Amino acid sequence: MLQTTLTCGKCGSTALRKNGSRNGQPKYQCTACRHQALFVPAAIDKAARYAQVAALLLERVSQRAIVRLTGISRPTIVKLAKKSASHPAPAAQTEPAAGTRTR
């Protein structure tokens, strides 16, 4: 399980309290400086969306369709496609057929 510690973006304090929600996302208020914001860890959301893009690329969905589905810009999708092409998945090793020689 991944645990993240929320910190205030203004003062860096970890003393936060829940203060309502907006669009289904919880809002938090810093008890030290009274700063209020959505403290959503961006890296987790970003990793989930990039994994979705990778899955769609494997299904050979067009880049423009991926842009419409995920909201990620096309240059980013091209970058992810090049990255996945340069690191192909390891091929499954097969056993040699019976009666063949291996060196």
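1. Terms for burial come first. A residue is buried under 20% relative accessible area, exposed over 50%, and partly exposed in between (1.4 Å probe, protein chains only). By that scale L6 is partly exposed, because its relative accessibility is 23%. L6 sits in the segment before β1 (16–22). Its C-alpha lies 7.7 Å from that of L16, ten residues apart in sequence.

2. Provenance. This is a predicted model, in which local features need pLDDT of at least 70 and side-chain atom pairs count only at pLDDT 80 or more, while totals for chains, interfaces and linings use all residues. Residues are numbered from 1 along each chain as its sequence is written, and side-chain values use heavy atoms, with hydrogens and water left out.

3. Overall layout. The protein has three helices and three strands. Helices (H or I, at least four residues) and strands (E, at least two) are DSSP runs, numbered from the N terminus. Along the sequence the pattern reads β-β-β-α-α-α.

4. Burial and surface. Of the 103 residues in the protein, 15% are buried. The protein exposes about 8400 Å². Carbon and sulfur atoms supply 51% of that area. Accessible areas come from the Shrake-Rupley method with a 1.4 Å probe; for residues, only the protein chains shown count as cover.

5. Contact range. Contact means heavy atoms within 4.5 Å. Take the contacts between residues at least 6 apart in sequence: 18% of them join residues at least 24 apart.

6. Positive patch. K46, R49, K79 and K83 gather in a patch of positive charge on the surface. Two elements give two or more residues to the patch: α1 (42–58) and α3 (74–86). The criteria are as follows. Patch residues have over 30% relative accessible area and no salt bridge; like charges are joined within 9 Å, and nonpolar side chains (Val, Leu, Ile, Met, Phe, Trp, Tyr) within 5 Å. A salt bridge is a side-chain nitrogen of Lys or Arg within 4 Å of a carboxyl oxygen of Asp or Glu. Lys and Arg count as positive, Asp and Glu as negative; His and the chain ends are not counted. Each charge is placed at NZ of Lys, CZ of Arg, CG of Asp or CD of Glu.

7. K46 is in helix α1. K46 counts as partly exposed because its relative accessible area is 44%. R49 is also in helix α1. R49 has 31% relative accessibility, so it counts as partly exposed.

8. I72 lies in the loop between α2 and α3. I72 counts as buried because its relative accessibility is 5%. Leaving aside neighbours within four places in sequence, I72 is in contact with R49, Y50, V53, V67 and I77. For K46 and I72, the C-alpha to C-alpha distance is 9.8 Å, at 26 residues apart in sequence.

9. The loop between β2 and β3. T31 is found in this loop. T31 is partly exposed, because its relative accessibility is 41%. Not counting residues up to four places away in sequence, T31 touches A15 and R17. The C-alpha atoms of T31 and R17 are 7.0 Å apart, and the two residues are 14 apart along the chain. R34 is placed in the loop between β2 (25–30) and β3 (36–37).

10. Backbone points to check. Which phi does R34 have? R34 is not a glycine, yet its phi is positive, at about 70°. R34 counts as exposed because its relative accessibility is 52%. R60 also calls for a look. R60 has a positive phi of about 60° and is not a glycine either. R60 is in the loop between α1 and α2 (63–70). R60 counts as exposed because its relative accessible area is 76%.
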